[in-house]
Amino acid sequence: MADPWQNAYDVAVDVARAAGAVIRKAGECEIKVCTKSSTVDLVTKTDERVEKIIIGALKEEFGDGSHCFIGEESVAKGEACILTDKPTWIIDPVDGTTNFVHGFPFVAVSIAFAVNKELEFGVIYSCLEDKMYKARRGKGAFCDDEPISVSDVKDINKSIIISEHGTDRSPEKVKKIFSTMQKILCIPVHGLRGSGTAATNMCLVACGAVEAFFEIGIHCWDIAAGAVIVREAGGLLLDVDGGPFDLMSRRMVSANNDTIAKRIIQEIEIFPAERDDAVPQKK
């Protein structure tokens with residue numbers, strides 16, 4: 001029986017690499033910065049341009065109307081963020097926009113593909129490092145075509161944990177974020193890290209460089225591709241309360257194993273984050 005999604009997977013890899021080349025080129029020029037939800041929630045013309053390039057290329061290949069698209073910049077401009085049973089592309093054109101603006105060398109193109117609400121594959125191109133991470137459901141995870149796997153560390157005291165503080169600067173949320181980090185650091189663990197991009201953080205879990213990544217306030221386009229890569233590398237995903245992972249919930253723990261994940265969850269101070277698929281209230 002022919003593999004129904006192999007071509008889509010191959011196209012996603014090619015498109016991600018091409019998009020990364022555009023980002024690298026743009027980084028050599030003056031970067032015009034705008035803001036979205038706040039003064040620290042940045043967007044550049046490159047984000048918007050790269051998303052158009054990605055979606056345009058995918059529509060050219062799969063443009064019969066049967067595929068749906070969820071893109072970070074499209075949603076920011078008012079398009080719906082609803083995951084249906086239709087084949088759906090979930091795209092973050094420039095994950096790590098703040099890094100990109102400042103020349104901090106972790107920026108990724110993230111492309112995931114879901115069918116019947118189940119993630120089929122994920123592709124993350126860390127374009128400044130020139131590393132291509134990819135995975136298909138049931139077929140393993142790879143970096144530059146070499147198999148990768150999570151670490152085998154089960155002792156939390158020998159772990160490195162990675163997280164981010166997001167773009168919400170409300171004092172009550174910032175206090176909980178840093179309180180959680182302090183409690184985890186004092187377990188103690190070997191260290192806390194943050195690359196500035198959720199996609200890269202998940203790849204670091206998948207290749208065994210860190211043991212876990214957690215965050216509240218992320219979006220589905222930040223983590224969809226990484227979710228496939230972590231799982232296929234032997235890791236797991238949970239909600240920050242220990243329940244099942246929900247792509248649209250904007251909260252997640254990804255870890256190398258259940259022991260590490262559950263130990264971290266004991267220390268996480270949870271705060272509300274509106275779901276990505278929440279229906280806007282009429283005013």
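Thr98 is partly exposed, with a relative accessible area of 36%; here buried means under 20% relative accessible area, exposed over 50%, and partly exposed in between (1.4 Å probe, protein chains only). Thr98 belongs to helix 4, where helices (H or I, at least four residues) and strands (E, at least two) are DSSP runs numbered from the N terminus. Between Thr98 and Ile260, which are 162 residues apart along the chain, the C-alpha separation is 29 Å.

The model is predicted: local features need pLDDT of at least 70 and side-chain atom pairs count only at pLDDT 80 or more, whereas totals for chains, interfaces and linings use all residues. Residues are numbered from 1 along each chain as its sequence is written, and side-chain values use heavy atoms, with hydrogens and water left out.

**Helix 1**

Helix 1 covers residues 6-26; at 1.5 Å a residue, its 21 residues should span 30 Å, and its end C-alpha atoms are 31 Å apart, which agrees. The expected span is 1.5 Å times one less than the number of residues. Buried positions in this helix include Ala8, Tyr9, Val11, Ala12, Val15, Ala19, Val22, Ile23 and Ala26. The buried residues pack against two helices, helix 2 (45-61) and helix 4 (97-102). They also pack against strand 4 (88-95), strand 5 (108-115), strand 6 (118-126) and strand 7 (131-136).

**Salt bridges**

The structure holds 18 salt bridges, each defined as a side-chain nitrogen of Lys or Arg within 4 Å of a carboxyl oxygen of Asp or Glu. Three of them are listed below.

| Arg136 | Asp3 | 2.6 Å |

Arg136 forms a salt bridge with Asp3. Arg136 lies in strand 7 and Asp3 in the segment before helix 1, so the pair ties together parts that are 133 residues apart in sequence. Arg136 is buried, at a relative accessible area of 8%, while Asp3 is partly exposed at 30%.

Lys45 and Glu48 are three residues apart in helix 2 and thus separated by about one helical turn. Lys45 is partly exposed, with a relative accessible area of 49%.

Glu120 is buried, with a relative accessible area of 10%, and Arg137 is partly exposed at 41%. Salt bridges that share partners join Asp3, Arg136 and Lys139 into one network.

**Pocket and cavity**

Both kinds of space are found on a 1 Å grid over the protein atoms alone: a cavity is a set of points where a 1.4 Å probe fits but cannot get out, a pocket is an open set with protein on both sides within 12 Å along at least five of seven lines, and lining residues have an atom within 4 Å of a point. Grid points are joined across faces, edges and corners, and a volume is the space filled by probe spheres set on the points.

The second largest pocket has a volume of about 190 Å³. Its lining includes Ile82, Lys117, Glu118, Arg137, Arg231, Phe245 and Asp277. By class, this lining has six nonpolar, no polar and five charged residues; Ala, Val, Leu, Ile, Met, Phe, Trp, Tyr, Cys and Pro count as nonpolar, Asp, Glu, Lys and Arg as charged, and the others, Gly among them, as polar. Lys117 is found in the loop between strand 5 and strand 6 and has a positive phi of about 65° although it is not a glycine.

The structure holds one cavity of 30 Å³ or more. The largest cavity has a volume of about 80 Å³, and the elements giving two or more residues to its lining are helix 5 (171-185) and strand 12 (212-216).

Ser159 is buried, with a relative accessible area of 0%, in the loop between strand 9 (146-147) and strand 10 (160-163). Not counting residues up to four places away in sequence, Ser159 touches residues including Val153, His190, Glu211 and Ile260, contact meaning heavy atoms within 4.5 Å. Ser159 and Pro188 are 29 residues apart in sequence and 9.0 Å apart in space, C-alpha to C-alpha. Pro188 lies in the loop between helix 5 and strand 11 (191-193), and a cis peptide bond, with omega about 5°, joins Ile187 and Pro188.
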